[in-house]
Amino acid sequence: MHRGIYLLEEVYFHPMHSQRPLDYLSWLTGYKRADEDRATGDAELTSGLSVRSHDIDLVGAFYAVGITGHVQFKAVTLWDCIGGWDGGWRQMLDIYDNVDPRLFLSNIDGMRHHAYSRPMGGVPGTPDLQALRAEGYTAPFFLYDVATVRPGAALDYLAAVREQRAPIMADYNHRLVGLYEVLLSDSEVVTFWGTDMDSHLAVQRAYDATLGLDDEVPGDERLLKWRRTAREFLTGPWQEGLLAPFPGSRLSNQPPR
């Protein structure tokens with residue numbers, strides 16, 4: 001079985017125009033819904049909509065919850081390259097061959113300020129996003145974090161997340177969605193979790209209580225123990241943030257608007 005290959009993209013909008021993320025996410029989810037009916041292996045480079053393909057699967061389209069540490073007015077997308085390196089990933093690379101003029105997305109000129117993409121590889125224990133799709137899994141919120149680890153320690157860190165952190169988070173109704181090594185580098189990892197507002201708040205309050213900062217709820221020493229374990233691997237920033245799935249996207253329980 002081949003390794004799962006994924007792409008995480010963060011899209012920024014400037015100036016701070018609140019309508020632009022809405023327009024972008026509506027545009028993106030709209031044409032990708034139509035791509036679900038395409039045959040496997042059928043990829044077409046178009047003018048204005050980039051590559052149309054079933055195998056470049058928009059699993060998640062999110063509006064970032066800015067108050068949780070994101071830049072305001074930011075969109076985040078999670079893509080599954082069905083077929084791995086030789087499937088959706090090859091199709092994405094192929095559009096750059098000879099720099100075809102159709103590569104340039106004239107349909108959204110001026111809408112985005114900049115975007116940053118992380119190619120990612122699944123590791124043992126990461127859920128199959130296509131299985132989540134078949135299950136029809138959705139959640140009101142998703143938590144994702146990006147962490148900088150010692151060079152070469154990505155797989156070890158993610159194994160620790162799977163073995164130690166995931167059971168704790170499950171007790172707080174956080175479902176593991178992805179464990180990813182950022183590829184073409186050796187010092188960054190990404191994790192994805194599905195949750196809801198009450199569960200998110202419960203984790204924050206339990207952590208505060210363990211520090212002696214909240215006497216109204218029980219503490220949970222496991223949360224501090226995980227932080228200590230994580231620091232054995234981390235060498236740079238670790239940042240969590242909440243994402244709200246965009247209506248009509250795969251991981252949203254709301255229909256298109």
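Predicted model: local features only at pLDDT ≥ 70, side-chain atom pairs only at ≥ 80, totals over all residues.
Two strands of the model are largely enclosed by the rest of the structure. In strand S7, which spans residues 141-149, eight of the nine residues are buried, so this strand is largely enclosed by the rest of the structure. Strand S7 is paired with S9 in the antiparallel sense, and eight bridges are found between them. Within this pairing, Tyr144 stands opposite Phe192 of S9. Strand S7 also pairs with strand S10, residues 234-245, again in the antiparallel sense and over seven bridges. Here Asp145 is placed opposite Glu240 of S10.

Strand S4, which covers residues 56-64, is likewise largely enclosed by the rest of the structure, because eight of its nine residues are buried. Seven bridges connect S4 with strand S5 (residues 74-81), and the two run antiparallel. In this pairing Gly60 stands opposite Leu78 of S5. The bridge partner of Phe62 in S10 is Pro245.

Lys74 lies in strand S5. Its relative accessibility is 5%, below the 20% limit, and Lys74 therefore counts as buried. The side chain of Lys74 forms a polar contact of 3.1 Å with the side chain of His70. With residues up to four places away in sequence not counted, Lys74 touches Glu10, Val11, Tyr12, Phe13, Phe62, Tyr63, Ala64 and Tyr144. Among these, Phe62 is the residue whose bridge partner in S10 is Pro245, and Tyr144 is the residue that stands opposite Phe192 in S9. Lys74 and Tyr144 are 70 residues apart along the chain, and their C-alpha atoms are separated by 14 Å.

Thr195 lies in strand S9, residues 188-195. With a relative accessible area of 2%, Thr195 is buried. A polar contact of 3.3 Å links the side chain of Thr195 to the side chain of His174. Not counting residues up to four places away in sequence, Thr195 touches Tyr137, Ala139, Pro140, Phe141, Tyr172, Asn173, His174 and His200. Ser199 belongs to helix H5, which comprises residues 197-210. Ser199 is also buried, at a relative accessible area of 10%. The side chain of Ser199 makes a polar contact of 3.4 Å with the side chain of Asn173. Apart from neighbours within four places in sequence, Ser199 is in contact with Tyr172, Asn173 and His174. Tyr172, Asn173 and His174 are also among the residues touched by Thr195.

The open space of the model was then considered. Rolling a probe the size of a water molecule over the atoms shows where empty space is left. The largest pocket has a volume of about 710 Å³. Its lining comprises 27 residues, of which Glu9, Ser50, Tyr96, Leu105 and Arg112 are the closest to the pocket centre. Strand S1 (5-12), helix H1 (19-35), helix H2 (88-94) and strand S6 (114-122) each contribute at least two residues to the lining of the largest pocket. Helix H1 supplies the largest share of this lining, namely five residues. By class, the lining consists of 19 nonpolar, four polar and four charged residues.

Val99 has a phi near 50°, a positive value in a residue other than glycine. Val99 is located in the loop between H2 and S6. The relative accessible area of Val99 is 52%, and this residue is exposed. Leu184, which is not a glycine, has a positive phi of about 60°. Leu184 is found in the loop between strand S8 (175-182) and S9. At a relative accessibility of 75%, Leu184 counts as exposed.

Conventions. Residues numbered from 1 in each chain as written. Heavy atoms only, no water. Helix = DSSP H or I, 4+ residues; strand = E, 2+ residues; numbered from the N terminus. Buried < 20%, exposed > 50% of the residue type's maximum accessible area, 1.4 Å probe, protein only. Polar contact = N/O pair within 3.5 Å; in protein donor to acceptor, adjacent residues only side chain to side chain. Contact = heavy atoms within 4.5 Å. Pairing = 2+ DSSP bridges. 1 Å grid on protein atoms, 1.4 Å probe; cavity = no way out; pocket = protein on both sides within 12 Å on 5 of 7 lines; lining within 4 Å. Points joined across faces, edges and corners; volume = space filled by probe spheres on them. Nonpolar A, V, L, I, M, F, W, Y, C, P; charged D, E, K, R; others polar.
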